[in-house]
Amino acid sequence: MNYRLLIDYEVIEFLETLPRRDQRLLRNRFMAIQSDPQKFSDYVESDSDSHRLDIHIYGKFAIKFWQDHAGRDIKILDAHFADQPNRRLKENLMKSRPKIGTVGELAFQTEARHAVEFAGNGMPAVLSTPQLIGFIERTARETMAGFLDADERSIGMEIEIRHLAPTLVGGTVHCTARIIQVDDRKVDFQVEARDAHELIARGLHKRAVIRLESFNRRVRAKAG
Amino acid sequence: MSIEVLKQELSALDENAQRQMTAFLISLQDARDDAYRRKLADKINRPSSEFATIEELDRRLNFSETSEGQ
């Protein structure tokens, strides 16, 4: 049928927690599903967008996959113990769930090293957008640090910022990051920055919680 | 019907029916978990480039191409 097999990274992280034999069994079952997905559908359920996805029970495991007939892909979306459905990440990640409405703040004084690199020749030395984004991201990171276990970190996934007004070097900027949504390991923030005069930036930022061990493993694999 | 009776009835089914019943029970649990169902939808809507291939899985799990994974 020539479907392409695609595997969600959280599925791989789950496999990494299993004994070698189970890793091998599941890996090979994914390949079998790719060859003949209909054969391995034990039940069909729907997600929140009414996609119809398949559940396959394989020994003590449940595998959830989606057949994208248009794109000719088989996406392995989830794998978990059949008697512990889909709660692994929610239960095990983070020592406490970040609370919606939590606000973090960070203030900094703009220095010459934070200025746009094209200052001079008539261009004033003002805070550069990349530097501002760095401070905003740090504000969000520190806001959720208290919710994480020692072996966890949050990493930036998305940022959408409108830099609205210039701030001269020497000016103080106050950044705020408010948690507005928590979905499993992903946390969304509404972010803002103000100088002494006005709102200078606002936007949205999304961070994901990672475990250092599995993240390092992923980075090492990429480095070859 | 008690859980024990339910388990007994389940174990009396053939293997196919047991799998289907287990999958059905899991779908019932999933149906009550809106966040999880949204997460599945999010994964389905993600571009292919955000998924791993079987080759990447093999690298991550240190399966050699010719032996362990096969």
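## Where the two chains meet

The contact between the chains takes 38 residues from chain A and 32 residues from chain B, where two residues are in contact if their C-beta atoms, placed from the backbone, lie within 7 Å. This is a predicted model, in which local features need pLDDT of at least 70, side-chain atom pairs count only at pLDDT 80 or more, and totals for chains, interfaces and linings use all residues. Residues are numbered from 1 along each chain as its sequence is written, while chains are lettered from A and ligands numbered from 1 in the order in which they are written.

On the side of chain A that touches chain B, at least two residues each come from S1, helix H1 (9-16), helix H2 (20-35), S2, strand S3 (52-58), S4, S5 and helix H5 (212-223) of chain A; helices (H or I, at least four residues) and strands (E, at least two) are DSSP runs, numbered from the N terminus. Sorted by class, this side of chain A has 17 nonpolar, five polar and 16 charged residues. Here Ala, Val, Leu, Ile, Met, Phe, Trp, Tyr, Cys and Pro count as nonpolar, Asp, Glu, Lys and Arg as charged, and the others, Gly among them, as polar.

## The two chains in outline

Chain A has five helices and 10 strands, whereas chain B has four helices and zero strands, so that the elements of chain B run α-α-α-α from the N terminus on. Of the 224 residues of chain A, 31% count as buried, and buried residues make up 23% of the 70 residues in chain B. A residue is called buried if 20 or more other C-beta atoms lie within 10 Å of its own, exposed if 12 or fewer, and partly exposed in between, with C-beta atoms placed from the backbone. Among contacts in chain A between residues at least 6 apart in sequence, 64% join residues at least 24 apart.

## An open sheet in chain A

Five strands of chain A form an open sheet with mixed pairing, in the order S1-S5-S4-S3-S2; two strands pair if DSSP finds at least two bridges between them. Strand S1 (4-7) and strand S2 (43-46) of chain A are the edge strands, each pairing on one side only. From one strand to the next, the twist averages 30 degrees, with axes taken as lines fitted to C-alpha atoms, for helices over the stretch in contact, and angles running from 0 to 180 degrees between N-to-C directions.

Within this sheet, strand S4 (residues 61-68) and strand S5 (residues 73-81) of chain A pair in the antiparallel sense over eight bridges, and A:Ala62 stands opposite A:His80 in S5(A).

## Two helices with a buried face

H2(A) has 16 residues and reaches 23 Å from its first C-alpha to its last, close to the 22 Å expected at 1.5 Å a residue, the expected span being 1.5 Å times one less than the number of residues. Its buried residues are A:Gln23, A:Leu26, A:Arg27, A:Phe30, A:Ile33 and A:Gln34. Seen down the axis of H2(A), they fall within an arc of 120 degrees and therefore line one face of the helix; the arc is that of the directions from the helix axis to the C-beta atoms. An α-helix has 3.6 residues a turn, so residues three or four places apart point the same way. The buried residues of H2(A) pack against S1, H1, S3, S4 and S5 of chain A together with helix H4 (54-60) of chain B.

Helix H3 (residues 34-45) of chain B has 12 residues and reaches 16 Å from its first C-alpha to its last, close to the expected 16 Å. Buried in H3(B) are B:Tyr36, B:Arg37, B:Lys39, B:Leu40 and B:Lys43, which fall within an arc of 155 degrees seen down the axis, so they line one face of the helix. The face turned away from this buried side carries the exposed residues B:Asp34, B:Ala35 and B:Asn45. What covers the buried residues of H3(B) includes S3, S4, S5 and strand S8 (172-183) of chain A, together with helix H2 (15-31) of chain B.

S8(A) and S9(A) run antiparallel and are joined by nine bridges, with A:His174 having A:Arg194 in S9(A) as its bridge partner. The two strands form a hairpin with two residues between them, and A:Asp184 in the turn has a positive phi of about 60 degrees.

Strand S9 (residues 186-194) has a covered face, A:Val187, A:Phe189, A:Val191 and A:Ala193, and an uncovered one, A:Lys186, A:Asp188, A:Gln190, A:Glu192 and A:Arg194. A hairpin joins S9(A) to S10(A) through four residues.
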